[in-house]
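Please look over the model shown here with attention to its aromatic pairs and its sheet. The report that follows takes up each topic in turn.

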Amino acid sequence: MSDTSSLHIALIAEQRSTFHNQGYSEEECAALPHNGETDTVLTTLRELGHHVTLVPGVQSLVKHLAAGTYKDWDLAFNIAQGFHGSSREAQVPALLDAYQLLYTFSDAATMALCQNKVHTKIILAHHNIPTAPFSVISRKDQKLRLEYLDNMLSHYPLFLKPVIEGSSKGIDGFNKVTEPAELESAVKKIRSIFPHQDILVEPFLSGQELSVSILGTGVQSRVIGVTGFLWQNSFSDSNGGNESSGSLEFASRKSKSSDANMLVVRHDPGLMAEPQAQVACQVALDAWRTLGCRDAGRVDIRFSSNEYDAVPNVLEVSLPRSISP
């Protein structure tokens, strides 16, 4: 290994524009790093005095491994998200493990676990870390059988989402349902977008949503920031969903990409001092350490209600996304 003051670092990150040029939609590419994000990380590492090789995704990594050019690398800085498969975020760290290369962020086992919301919830529930009760509609069940959801049907409104996706992919006004007819319609829409995925069904959590940023590993991990999300504008669902009037109550691809100010993000330092935020931070840290997450990432928390005794439920663990310095 070279002098640690100047490392040869492989920055592994897909180029979103590459997939756009191949005909993939903006939603299909939603989890991939923005080109500007990758460029910022690349520039920052070089300004710190490191030699950086850009490796644009798993296929490029395979070529480096086959050619042996990886032998000059001291470290892989991995922000690749992957594009195909149910454990796509685990593909790059699995290869790096196989070649005994040092790399940043969580390992393949944790990446694969956190990619699947159901598996994540099972582990969290086992360790008594708050996460909403749930049922799963299997992709193998072509006909929706409401009797399989008996434990959920008394909890309307419900919220449906694909099991594998993040970055609000597949989320729109139709995901929140208030009756069986809406549930059946939402299942059909999600299946039309993600035909090879199971569907997670949970009670709709009506409280505030916070994203807790964490730095470190194990007992040394700590919260470094909290972001709050508010939705204020009226929302018209282009897909014929249920939020045709009133205010949007959750993040969707439309709210994140729209210039209509649907999504209001709160970053002020005072947020971390608020009682609910402090409780959310502890739950996020517990989840982070239990799942074996490393280095840096984010835990998304949503409260069960707006009451003072609301429960902070883990929604998702992201490892990592949006890492612009």
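Phe105 counts as buried, at 5% relative accessibility, where buried means under 20% relative accessible area, exposed over 50%, and partly exposed in between, with a 1.4 Å probe and protein chains only. This is a predicted model, in which local features need pLDDT of at least 70 and side-chain atom pairs count only at pLDDT 80 or more, while totals for chains, interfaces and linings use all residues. Residues are numbered from 1 along each chain as its sequence is written, and side-chain values use heavy atoms, with hydrogens and water left out.

**Aromatic pairs**

The whole structure holds six aromatic pairs, a pair being rings of Phe, Tyr or Trp (its six-membered ring) with centres within 6.5 Å, called stacked if the planes are under 30 degrees apart, edge-to-face if over 60 and tilted for the rest. Two of the pairs are set out below.

| Pair | Centre to centre | Angle of planes | Type |
|---|---|---|---|
| Tyr70 and Tyr99 | 5.2 Å | 75° | edge-to-face |
| Phe77 and Phe105 | 5.4 Å | 85° | edge-to-face |

Tyr70 sits in the loop between α3 (58–67) and β3 (75–78), and Tyr99, 29 residues apart from it, in the loop between α4 (91–98) and α5 (108–115); helices (H or I, at least four residues) and strands (E, at least two) are DSSP runs numbered from the N terminus. Tyr70 is buried at 15% relative accessible area, whereas Tyr99 is partly exposed at 36%. Because Phe77 lies in strand β3 and Phe105 in the loop between α4 and α5, their pair ties together parts 28 residues apart in sequence. Phe77 is buried as well, with a relative accessible area of 16%. Elsewhere, Phe19, Tyr24 and Phe83 form one aromatic cluster.

**The sheet and its helices**

Four strands form an open antiparallel sheet in the order β4-β7-β5-β6, where two strands pair if DSSP finds at least two bridges between them. The edges are β4 (135–137) and β6 (176–177), each with a single partner strand, so one side of each has no neighbour in the sheet. Strand β7 (residues 199–203) pairs with β4 over three bridges, and Ser135 stands opposite Val201 in β7.

Helix α6 (residues 117–126) packs on the sheet, touching β4, β5 (158–162) and β7, and its direction makes about 45° with that of β7; contact means heavy atoms within 4.5 Å. Helix α7 (residues 180–193) lies across β4, β5, β6 and β7 and runs at about 10° to β5, with axes fitted to C-alpha atoms, for helices over the stretch in contact, and angles from 0 to 180 degrees between N-to-C directions.
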